[in-house]
Amino acid sequence: MDILFCSSEAYPLIKTGGLADVSGSLPKALLQLEHDIRLVLPAYPAAIQQAEGLKEVSRLTLSGCDDPVRILRSQLPDSAVPLYLVDAPSLFNRLGNPYVQADGSDWPDNAQRFALFARACVALALGQADPAWRPQVVHCNDWQTGLVPVLLSQEAQRPATLFSIHNLSYQGLFPAATMKALELPDTLWSIDGLEFYNMLSFIKGGIANADWVTTVSPTYATEICEEEFGYGLEGLLQYRSDRLTGILNGIDADIWNPAADRWIARRYDVHTLQNKLFNKFTLQRDHDLPISSQPMLLGYVGRLVSQKGVDLVLDIIDTLLEQPVQLVMLGSGDPALEEQLQAAARRYPKQLSVTVGYDEQAAHRIEAGADALLMPSRYEPCGLNQMYSQLYGTVPIVRRTGGLADTVVDFNEQTLGDHSATGFCFDEDSPEALLATCLGALNLFRNDRVDWWKLVIAGMHRDFSWTSSAARYSELYKQVIQHPGEESRTTSLDRPTGTSRASSAQQTGQRLH
Ligand code: ADP
């Protein structure tokens, strides 16, 4: 099949989170299934720098950009995946994060930027940007590409569309007046169109208009149909549930493999686990912590936001660090949480290291050197670090939600007996539950090393490759090509009675974008 994969980030060109990992690895897996899959991204400076042999394919005049937009062609680095870059310098030639400015606030013209990107994707989808190629299906990802299925739904002859939700709390919400600024047809401004509580919602456009909707784990697919995780879109998602599928993300074993990882101090596999201890010592040295095998070394890699339960970690830090425990944290996000963590690190210089920033190599070294990984997320569409950590023999401690529930097997008598246990799970969104689970893990680590190693080894044997998930996407592409859905599925069910978007957001402590 001929597939256009639209994304606002892809590893290694540009990455802010899991979407980049998926966009960098799923197309590679689909290419191995012999599909003609091509990736399209905005031409950020980082992407232009890394993409080799860029060639101009066409120049387009698109609404929303005064200058002609160049469509460039190259390849995703370290792969054979064809890559298109949408070069509109006035919108994308900006250093740093693709969505926010240096002070952490959104770029004020994000609606214009991603509407333009969507229009370029549509041109590619209709064979207007690369006359030599016309896809049968367009796979869109997250709100940044939400307008693609909307614009394509206005076309008589269009390819099939699939829209993947990687995180429903990031919605691409803009003031109502943006509709006009983006020159979107007035007919789309209604509760049955793009309107969401008097705001323009990009993500709603994708969910309502795509022929099929997927999300990144089976449990999250169920959760987003409920009020707590649906952010006001649960009614629409319930309505679309006959065409809503949760497919677990895979991971790129070329990049996340302790036996071949170029960034870790010493490579290892299940037969050379003594090298993992060397990585632990290196991690302790890197972070100025006392070098010793004795304490349980916990790792955390990820955004420092309430979604990830970072405030729960802060709540238990004093009690937890009364124990022989060290904690190395890497991430960035909410400035208040960053500051509180750094203050805690000053109180416990021998046990707690907090690095605020983004560092790919350090992330690999934490996965390799830590004994256990903390991931107490309030919600987690899929989560990747808990999968990486299992393959690195680093036992995950997670809240049982979304993809965490689908990928970590909780330690208990039965799962230990059948060798399926790979980590520790808790249910309640509370510091007490997190602390109790950490102490349970510590108890096993200190007092029953044989059972601890069983968890380590079971995790390292897990198969989190893309093989089965890429095959499932393949099946869905085939199905939507053969049976595209109705043109528009939007429904007023997105306003369930008695629910306000704000109250739903408050319950999960999230901010809506
Ligand atoms: P999310 O997409 O919600 O941020 P995921 O677990 O799905 O979370 O993916 C996060 C990805 O980003 C992982 O590959 C993780 O290693 C990486 N990552 C997050 N924060 C950092 C950081 N500060 N430095 C390096 N890598 C990071």
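**A tour from the ligand to a sheet**

The shell around the ligand is made up of six nonpolar, seven polar and six charged residues (Ala, Val, Leu, Ile, Met, Phe, Trp, Tyr, Cys and Pro count as nonpolar; Asp, Glu, Lys and Arg as charged; the others, Gly among them, as polar). The model is predicted: local features need pLDDT of at least 70 and side-chain atom pairs pLDDT 80 or more, while totals for chains, interfaces and linings use all residues. Residues are numbered from 1 along each chain as its sequence is written, and side-chain values use heavy atoms, without hydrogens and water.

Select the 19 residues around the ligand; Gly-18, Asp-21, Arg-303, Lys-308 and Gly-357 come nearest (near: a heavy atom within 4 Å).

Next, show the polar contacts (N or O pairs within 3.5 Å). A side-chain N or O atom of Asp-21 is 2.6 Å from a ligand oxygen, and a polar side-chain atom of Lys-15 is 2.9 Å from a ligand oxygen. At Asp-359, a polar backbone atom lies 3.0 Å from a ligand nitrogen.

Colour domain 1 (2-250 + 470-508) and domain 2 (274-460): both give residues to the shell, so the ligand lies between them. The bounds come from an automatic or database domain assignment.

Now find the open sheet of six strands, ordered β15-β14-β13-β16-β17-β18 with parallel pairing (strands are DSSP E runs of at least two residues; a pair needs at least two DSSP bridges). β15 (352-356) and β18 (424-426) are the edges, each with a single partner strand, so one side of each has no neighbour in the sheet.

Finally, select Leu-298 and its bridge partner in β16, Ala-372.

Terms used:
Polar contact = N/O pair within 3.5 Å; in protein donor to acceptor, adjacent residues only side chain to side chain. Helix = DSSP H or I, 4+ residues; strand = E, 2+ residues; numbered from the N terminus.
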